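Q: Could we go through the salt bridges of this model?
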Amino acid sequence: MIIVKLIGGLGNQMFQYALGKHLSKKNNADLKLDIFNFYSTEDTFREYSLNVFNIKENFALKKEIKKNKISNFLEKLKPIRLRLVITKEQHSHFDSKILKLIGNIYLDGYWQSEKYFKNIENSIRKEFTLKNDLQLKAKKLLRKIKNTESISIHIRRNDYISHKPANQYHGVCHLSYYKKAINVIIKKIDDPHFFVFSDDIDWCKKNLKIKFPTIFVEGNKDYEDLILMSKCKHNIIANSTFSWWGAWLNNNPNKIVIAPKKWFRKKSINTKDLIPKTWIKI
């Protein structure tokens, strides 16, 4: 049995699920999702979000994950193959030892690297499709995206500014980053059409000046925005797992993806395995 603790927003949950799925396939084991964090005081402004996708949902029971002194003692009495081994992420870059785990595993971390699931890429892409159709407004936008040399731009601001821990940990990408990214991509693409996605679209309208056709996307569900980003032919992403997944799910074999070099405020955090090698970092 593989149990994965889900934490954070949609993008983070997708990373956590993807690793859990890979380990469950390797070990021929059931995958269970621990969503109790969203009903505790730990992460009250987030909610479980993977239910929009074509995944197999199998939720962990409290008795399977709740530990105290008695249950920890009893766990040690079990044969090794039956014990639930709690595995916490030790650092932010890829840890190959995680993929060698066997037995009953409880995964606690963010696991932000495609290396944790690259071997089952096709399966992950298939599962991260929507159960239900896009809304009419999003469908109309999708037609424009498909019929143009579409480039998504994702700008994340709200919680990265207003939520103090997120601001201290991440910070926002500066306007200069987006200007550089746009300048890079327009030299490579003829007749570009930009589609701007953001949680602060008014700020984008005031500050993002682009001399090419531009649509500021509004009024969709967050997961619809993610899927629409993935349908664009190219992507300019923020320091956000949300737009990371929008770019990663983009199936265009000739896609250009531009990502920020600076993903976290702290320079000490190792992000060497976060951005795929084919993406451009600026």
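This is a predicted model: local features need pLDDT of at least 70, side-chain atom pairs count only at pLDDT 80 or more; totals for chains, interfaces and linings use all residues.

Q: How many salt bridges are found in the whole structure?
A: The search finds 12, a salt bridge being a side-chain nitrogen of Lys or Arg within 4 Å of a carboxyl oxygen of Asp or Glu.

Q: Which residue pairs with K32?
A: K32 pairs with E64, and their closest N and O atoms are 2.6 Å apart. K32 belongs to strand β2 (residues 31-34) and E64 to helix α2 (residues 62-65), so the bridge ties together parts 32 residues apart in sequence. Helices (H or I, at least four residues) and strands (E, at least two) are DSSP runs, numbered from the N terminus.

Q: Are K32 and E64 buried or exposed?
A: Both K32 and E64 are buried; buried means under 20% relative accessible area, exposed over 50%, and partly exposed in between (1.4 Å probe, protein chains only).

Q: Changing topic, what does K118 bridge to?
A: K118 meets E121 at 2.8 Å, N to O. K118 is partly exposed at 38% relative accessibility, whereas E121 is buried at 19%.

Q: Which residues make up the network there?
A: Salt bridges with shared partners join E114, K118, E121 and R125 into one network.

Definitions and conventions. Residues are numbered from 1 along each chain as its sequence is written. Side-chain values use heavy atoms; hydrogens and water are left out.
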